[in-house]
Amino acid sequence: MNNDKNIYGERQNCGENFCGRIVNGFYDISPHHRLYITEKDGYITYIRLTPPKNAENFSNSPLIDRARHEIRAFLDGDLKKFSFPFMISGTPFQLEVYEKLLDIPYGETRSYADIAAELGGKGYSRAVGNANNKNPLIFVVPCHRVICSNGSIGGYAFGTDMKKRLIETERAHKYDRKASDLG
């Protein structure tokens with residue numbers, strides 16, 4: 001039995017040409033980092049450093065182009081909130097964690113223990129970290145905003161240097177009107 005469920009961002013009409021099919025694309029965000037992006041049925045469903053399972057062909061779509069543009073703006077500190085439609089899947093517990101992550105305001109952090117307590121169990125900190133590790137929509141579901149209770153940075157798919165940079169960029173642009181206007 002599959003217990004996976006979904007969280008949906010706002011969906012927009014995906015157009016006849018792209019509904020019902022899966023499009024896999026990629027985006028080189030630096031000489032050392034390639035993001036793989038998947039669109040399915042008019043939603044972005046995957047943004048990670050590793051290609052999705054069974055991805056053989058890589059192409060493009062207007063939605064993947066939009067996601068690339070917004071990711072660049074986010075990394076540059078010019079976007080606070082993504083506007084493209086997304087769908088995230090996971091176990092019921094993972095989805096609870098992802099919903100809590102989506103509630104963390106731009107430029108702020110929470111600890112793994114904070115998220116665990118919000119979910120009703122102090123002992124869930126490690127499980128929160130494991131859910132973050134499986135987050136299929138990095139940046140969109142902001143697992144980079146979760147740190148250790150002692151203030152240390154914790155782990156991250158891109159490494160701790162990137163996590164620190166993301167947190168610092170968000171803090172620097174938290175009250176930036178330009179970023180507010182875009183997100």
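How many nonpolar, polar and charged residues make up the lining of the largest pocket? By class, 9 are nonpolar, 9 are polar and 5 are charged. Here Ala, Val, Leu, Ile, Met, Phe, Trp, Tyr, Cys and Pro count as nonpolar, Asp, Glu, Lys and Arg as charged, and the others, Gly among them, as polar.

This is a predicted model, in which local features need pLDDT of at least 70, side-chain atom pairs count only at pLDDT 80 or more, and totals for chains, interfaces and linings use all residues. Residues are numbered from 1 along each chain as its sequence is written, and side-chain values use heavy atoms, with hydrogens and water left out.

**The pocket**

The largest pocket holds about 680 Å³ of space. A pocket is an open set of points on a 1 Å grid over the protein atoms alone, where a 1.4 Å probe fits, with protein on both sides within 12 Å along at least five of seven lines. Its volume is the space filled by probe spheres set on the points. The lining counts 23 residues; lining residues have an atom within 4 Å of a point. Thr-45, Tyr-46, Pro-52, Ser-89 and Pro-136 lie nearest the centre. Strands 2, 3, 4 and 5 and helix 2 each give two or more residues to this lining. Strand 5 (87–90) gives the most, with 4 residues. Helices (H or I, at least four residues) and strands (E, at least two) are DSSP runs, numbered from the N terminus.

An open sheet is formed by 3 strands in the order 2-3-4, with antiparallel pairing. Strands pair if DSSP finds at least two bridges between them. Strand 2 and strand 4 are the edges; each has a single partner strand, so one side of each lacks a neighbour in the sheet. Neighbouring strands are turned by 25 degrees against each other on average, direction ignored.

| Strand pair | Bridges | A bridge pair |
|---|---|---|
| Strand 2 and strand 3 | 8 bridges | Asn-24 and Thr-38 |
| Strand 3 and strand 4 | 5 bridges | Glu-39 and Ile-44 |

Tyr-27 also stands opposite Leu-35 in strand 3. Strands 2 and 3 form a hairpin with 2 residues between them. Strands 3 and 4 form a hairpin too, again with 2 residues between them, and Asp-41 in that turn has a positive phi of about 55 degrees.

**The helices**

Helix 1 (residues 62–75) lies across strands 2, 3 and 4, running at about 25 degrees to strand 2. Axes are lines fitted to C-alpha atoms, for helices over the stretch in contact (heavy atoms within 4.5 Å), and angles run from 0 to 180 degrees between N-to-C directions.

Helix 2 and helix 4 (residues 125–133) pack at about 85 degrees, with axes 9 Å apart. They are therefore roughly perpendicular (65 to 115 degrees). Helix 2 contributes Phe-93, Gln-94, Val-97, Tyr-98 and Leu-101 to the contact, and helix 4 contributes Ala-127, Val-128, Ala-131 and Asn-132. These divide into 7 nonpolar, 2 polar and no charged residues.

Methods. Angles under 35 degrees count as roughly parallel, over 145 as roughly antiparallel, 65 to 115 as roughly perpendicular and the rest as oblique.
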